[in-house]
Amino acid sequence: MKIAMVGSGYVGLVSGACFADFGHDVVCIDKDQSKIDRLHEGVMPIYEPGLAELVGANVKAGRLSFTTDLAEGIRGASAIFIAVGTPSRRGDGHADLSFVYAVAKEVGEALENDAVVVTKSTVPVGTGDEVERILAASGTSHRVSVVSNPEFLREGAAIGDFKRPDRIVIGAEDDFGREIMREVYRPLFLNESPILFTSRRSSELIKYAANAFLATKITFINEMADLCEKVGANVQDVSRGIGMDNRIGSKFLHAGPGYGGSCFPKDTLALLKTAEDYESPVRIVEAVVKTNDSRKRAMGRKVIDALGGMDAARGKKVALLGLTFKPNTDDMRDSPAIAIAQTLVDAGVKVAAYDPEGMEQARPLMPEVAMTESPYEAIEGADAIAIVTEWDAFRALDLARVKELAKAPVLVDLRNIYQPDDVRALGFTYASIGRG
Ligand code: UGA
């Protein structure tokens with residue numbers, strides 16, 4: 001089957017490469033000429049483990065190609081995926097659907113065969129209806145079915161998530177749409193990945209509900225962590241203790257500096273807007289958004305406390321280890337590190353930072369932070385060291401060397417990757433999350 005993937009960002013490129021790997025004939029389309037040129041040279045626009053190899057192998061096998069020409073790219077495709085960005089619209093938090101609608105219009109005008117048009121971008125409820133209207137208005141004489149097929153992959157684990165999903169959700173309104181989608185996912189179907197067919201609107205909402213629920217789980221455990229600190233309990237034990245209940249589940253119960261990234265912050269806001277538009281409030285999600293926002297700066301204050309408070313902190317130096325919103329990505333979008341660094345800078349603290357992949361993206365977001373070549377360079381002369389992202393590279397730091405290089409052995413572990421007793425035994429003053 002020929003598949004066209006319009007938008008070669010995170011979701012589009014990973015999905016396209018994986019579909020090609022299943023044996024489909026895939027064309028990835030993007031307006032950005034330099035991105036397409038780089039893809040032709042085998043250079044990935046994002047950092048994602050295993051992606052360059054997967055893309056390379058499928059290009060070599062002749063199943064994956066790239067173009068900026070949408071009309072050429074979609075010619076003969078049975079499934080045309082829309083996987084362009086849906087950023088938060090400036091000012092109101094609504095998902096900006098202008099890219100999705102522009103693609104729908106272009107597809108309608110260029111279509112030369114019957115096809116299923118699939119929204120893979122995260123889009124609010126009702127977007128499929130509008131895409132359908134746009135396609136109809138383009139005057140195409142071909143049969144078109146608009147389907148919703150949200151993507152649940154995580155950055156850093158994208159290929160594994162795509163190839164071994166917990167479920168595939170397909171929101172289709174007719175048999176033509178369902179049949180083509182079955183064909184698209186047949187390799188996974190054979191693999192016994194569950195496929196859930198729903199209405200298009202349900203499918204669109206599933207994506208937001210899933211992300212909002214996960215964001216809620218994280219925020220819940222983060223607040224439990226704060227309470228643990230006050231009452232002298234250990235949040236990791238609390239997580240384990242509640243997570244062993246199958247109804248709760250153990251995943252996404254790691255307390256930390258707050259969620260970030262390209263999805264949870266944007267999607268929770270967009271869900272709030274939808275709820276507002278339909279006058280059906282989702283107050284839990286409202287609280288999650290507020291709580292998570294204030295948590296990021298609170299983490300900066302936690303580091304300031306470790307320096308001895310506001311007055312003592314002025315002029316001191318902090319080493320930030322990890323800047324990306326999570327490990328195994330170079331993505332800085334809504335990373336807690338941004339608010340943490342800003343809080344420190346605002347308090348007159350000098351900040352040096354190191355991240356294995358994210359420094360290029362981080363630099364313009366935190367111009368006052370000195371980027372370094374290694375964790376140890378950041379730590380040199382520091383009055384406190386804060387671990388912000390749990391990169392493997394920080395899990396086994398040479399703590400003796402850290403102690404020697406730092407001005408004061410103060411470690412603030414915002415991801416709980418060290419054992420308090422071990423670190424304290426080495427003479428560190430150690431603060432972490434929810435281990436009171
Ligand atoms: C998230 C969802 O997990 C994916 O299922 C979804 O497809 C994706 O959004 C999307 O909508 O495209 P992602 O943003 O890549 O994926 O990252 P996650 O691994 O979910 O982490 C999000 C944030 O939550 C990170 O800042 C992470 O540090 C934080 N987190 C996660 C915690 O603080 N605690 C946890 O237990 C888990």
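# A first look at the strands and the ligand site

Strand β1 (residues 2–6) and strand β4 run parallel and are joined by 4 bridges. Welcome to this predicted model, in which local features need pLDDT of at least 70, side-chain atom pairs count only at pLDDT 80 or more, and totals for chains, interfaces and linings use all residues. Residues are numbered from 1 along each chain as its sequence is written, and side-chain values use heavy atoms, with hydrogens and water left out.

Helices (H or I, at least four residues) and strands (E, at least two) are DSSP runs, numbered from the N terminus. Two strands pair if DSSP finds at least two bridges between them. Strands of a sheet pair through backbone hydrogen bonds, either parallel or antiparallel.

- From β4 the chain passes through helix α5 (residues 98–110) to β5, in a right-handed β-α-β crossover; right-handed means that, with the strands pointing away from the viewer, the path from the first strand over the helix to the second runs clockwise.

**Strand β2 and its partners**

- In strand β2 (residues 25–29), 4 of the 5 residues are buried, so this strand is largely enclosed by the rest of the structure.
- β2 pairs with β1 in the parallel sense over 5 bridges, and I3 stands opposite V26 of β2.
- The chain gets from β1 to β2 through helix α1 (residues 10–21), and this β-α-β crossover is right-handed.
- β2 also pairs with strand β3 (residues 64–67), again in the parallel sense, over 4 bridges.
- In that pairing, C28 stands opposite F66 of β3.

- L321 has Y354 of β10 as its bridge partner.

**Around the ligand**

- There are 19 residues around the ligand, of which F152, L153, E155, K207 and N211 come nearest; a residue counts as near if one of its heavy atoms lies within 4 Å.
- By class, this shell has 9 nonpolar, 3 polar and 7 charged residues.
- α10 (200–231) and α12 (264–277) each supply at least two residues of the shell, and α10 gives the most, with 3 residues.
- An oxygen atom of the ligand lies 2.7 Å from a polar backbone atom of F152.
- An oxygen atom of the ligand is 2.9 Å from an N or O atom in the side chain of K326, and an oxygen atom of the ligand is also 2.9 Å from an N or O atom in the side chain of R415.
- Taken alone the ligand exposes 720 Å², and the protein buries 92% of that; these areas come from the Shrake-Rupley method with a 1.4 Å probe.

Key
A polar contact is a pair of N or O atoms within 3.5 Å; within protein, one must be able to donate a hydrogen and the other to accept it, and residues adjacent in sequence count only if both atoms are side-chain atoms. Ala, Val, Leu, Ile, Met, Phe, Trp, Tyr, Cys and Pro count as nonpolar, Asp, Glu, Lys and Arg as charged, and the others, Gly among them, as polar. Buried means under 20% relative accessible area, exposed over 50%, partly exposed in between (1.4 Å probe, protein chains only).
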